[in-house]
Amino acid sequence: MRLFPLVFLFCASCVWAQTMEDPEVARARLELARLQGLVETGVLPPVQLEKAKAAVADAEDGAVMHRDIQQQDLTEEEADQLVAAAGRRFERRKQAFDDAKKLIEAGAAPQLSLGTSLRDLDFARKEYDLAETRARLAREIDEMARAEEALQARMQVAPADAASLAERFDGNGVFNPQIFHRVEAAFEGRFGHPLPVSANGETAVHRALGFDHRGRVDVALRPDQPEGVWLRQFLTANGIPFFAFRQAVPGKATGAHIHLGPMSTRLAE
Ligand SMILES: [Zn+2]
C-alpha cells in the first residue's frame, strides 16, 4: 500500500504492539509492584512510588507512540491521543533536563551528566514533531472521507445538486488494481515521484463513517494544482471513473482530493 512519505519510517514493534502488552509497560508495572511492597513496609520513601507510577505512565505513552506513529488510518480521536502522549513524553524529558541542570548549577552533579538528558529531550521533541505530522495527515484523510460522505448523502437526496460538491466523471465505470497500476506508472513517469495516495481501499476512517471504500483509491492532490489537472486529464482520456473534490466544507481548503473509482457504497448495517 502506498502511503505518505513519512509513513515509510516503519517501526518493527507496531504490529505486535496492537495485540500484546508493550514490554516497557510490563517492565514498568513489575517495578511498580516491587516498590509498592517496599514503600508500604517503610523500607523506601513514598517518593519512590511516585517515580515508579510516572514511569508506568511514560511507558504507556510510549506504547501509544509505538503503536500509532506509523499507522496510516488513525481516527481523529487516535490522532489526538497520539499527540497528547507525545506531548506528555516531551514534558517529562523537559522536566528531567531542568532537574539535571539545577543539580549541576548547585554543584551536585558534573556538567557531563547533562548530555543524556539533552539527548532524551531532543529525541522527544523529534517524536512530538512526527506525531503532529502523523496527526495532521490523519485529519486530512478524515476530511477527505467527510467530503465523500457529504457527496454520498447529497447524491441520495438531490442527485442533480451533487455536482456542486464534486466534479464527477463516470468514464467506462471500470476501476481495478491493474488500472490503478497504470495510473501510478503514468504519474511517476510524468512527475518523477510516486502518486501521493492517502487511502488505498478501506481505512478505519471510512469504516467509522459507514463507508465501503474497498476497490477505491484517494489521491491527496487538489484538482486544480498542476499534478491534479494532469491526473484528471489522464483519467478522462482513459475512461477511468473519478470524483474530484475541491473542498470538504465550502470556503475551507481541506478535504480536497481526487477519488479514483466509482463512489463508495454504504456498509451493510
Ligand atoms: Zn475516496
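User: In what order do the 5 strands of the open sheet lie?

Analyst: This is a predicted model, in which local features need pLDDT of at least 70, side-chain atom pairs count only at pLDDT 80 or more, and totals for chains, interfaces and linings use all residues. Residues are numbered from 1 along each chain as its sequence is written. Strands are DSSP runs of E with at least two residues, numbered from the N terminus, as helices are (H or I, at least four residues), and two strands pair if DSSP finds at least two bridges between them. The pairing in this open sheet is antiparallel, and the order is β1-β5-β6-β4-β2.

User: Which strands are the edge strands?

Analyst: An edge strand here pairs on one side only, and this holds for β1 (167-169) and β2 (197-200).

User: How many bridges join β5 to β6?

Analyst: Strand β5 covers residues 242-245 and strand β6 covers residues 257-260, and the two run antiparallel. Phe 245 stands opposite His 257 in β6, while Phe 243 stands opposite His 259.

User: Which residue in β6 is the bridge partner of Val 217?

Analyst: β4 and β6 run antiparallel and are joined by 3 bridges. The partner of Val 217 in β6 is Leu 260.

User: Are the β6 residues His 257, Ile 258, His 259 and Leu 260 buried or exposed?

Analyst: In a regular strand the side chains alternate between the two faces of the sheet. His 257 and His 259 point one way from β6, and Ile 258 and Leu 260 the other way. With buried meaning that 20 or more other C-beta atoms, placed from the backbone, lie within 10 Å of a residue's own, all of these residues are buried.

How values were computed. Buried ≥ 20, exposed ≤ 12 C-beta atoms within 10 Å, placed from the backbone.
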